[in-house]
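Have the viewer open and follow along.

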Amino acid sequence: MNYRGKGTIEPQIMKQWFVDVNKAAIDWKGKKLSIKEVLQDMNPWWKKEFTLEFKERELHKKIEKYLQLRQIITFTGLRRVGKTTLMLKIVEDEIKKGFNARNILFFSFDDFRGIGIDELIKTYEELLEKNIKEGKYLLLLDEIQRLDNW
């Protein structure tokens with residue numbers, strides 16, 4: 001019975017709980033790829049130098065002071081105004097400052113909505129043999145509002 005006595009509470013099974021991270025699951029840049037492969041493609045700085053063409057904006061300078069704090073920073077705004085580019089600029093800046101590039105995880109839910117945050121982090125930890133509970137990490141989640149129950 002639920003706390004109000006009005007019947008049995010049944011757990012809701014969500015499709016994102018059963019994602020096979022090794023199975024090709026998404027059309028990404030014209031190929032069928034697994035989540036692990038998409039992660040590697042979205043995070044090229046794990047394997048090579050990363051540079052970005054970026055037109056400096058006042059907003060970039062304003063948010064820099066908050067990046068060293070342990071917190072969640074949210075960018076909101078219309079589509080195509082530069083939120084993703086700003087996140088990638090943060091990646092470039094942090095790597096230039098000496099942040100471990102393999103401790104930076106970027107993921108866009110724009111085309112890949114069938115995975116939850118927990119599964120994403122678990123896949124990242126397995127892929128790079130990391131434990132995000134140890135050390136300092138930068139997690140950038142683009143289009144996260146596309147997740148169910150966000």
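The notes below cover a pocket, a helix pair, a salt bridge and a loop residue.

This is a predicted model, in which local features need pLDDT of at least 70, side-chain atom pairs count only at pLDDT 80 or more, and totals for chains, interfaces and linings use all residues. Residues are numbered from 1 along each chain as its sequence is written, and side-chain values use heavy atoms, without hydrogens and water.

Let's begin with the second largest pocket, whose volume is about 210 Å³. A pocket here is an open set of points on a 1 Å grid where a 1.4 Å probe fits, with protein on both sides within 12 Å along at least five of seven lines; lining residues have an atom within 4 Å of a point. Among its lining residues are Phe54, Arg57, Phe75 and Lys83. Helix 3 (residues 83-96) gives the largest share of that lining, three residues. By type, the lining divides into five nonpolar, four polar and three charged residues.

Helix 3 also holds Lys89 and Glu92, which are three residues apart and therefore separated by about one helical turn. They form a salt bridge (a side-chain nitrogen of Lys or Arg within 4 Å of a carboxyl oxygen of Asp or Glu). The whole structure has nine salt bridges.

Next, see how helix 1 meets helix 4. With an angle in the 65 to 115 degree range, the two helices count as roughly perpendicular. In contact (heavy atoms within 4.5 Å) are Ile35, Lys36, Leu39 and Gln40 of helix 1 with residues of helix 4 including Leu120 and Tyr124.

Finally, Lys130 sits in the loop between helix 4 and strand 4 (138-142). Beyond its neighbours within four places in sequence, Lys130 contacts residues including Asn103 and Tyr137.

The distances are gathered here.

| Pair | Distance |
|---|---|
| Lys89 and Glu92, closest N and O atoms | 3.0 Å |
| Helix 1 and helix 4, axes | 10 Å |
| Lys130 and Asn103, C-alpha to C-alpha | 8.3 Å |

Technical notes: Points joined across faces, edges and corners; volume = space filled by probe spheres on them. Helix = DSSP H or I, 4+ residues; strand = E, 2+ residues; numbered from the N terminus. Nonpolar A, V, L, I, M, F, W, Y, C, P; charged D, E, K, R; others polar. Axes fitted to C-alpha atoms, helices over the stretch in contact; angles between N-to-C directions. Parallel < 35°, antiparallel > 145°, perpendicular 65-115°, else oblique.
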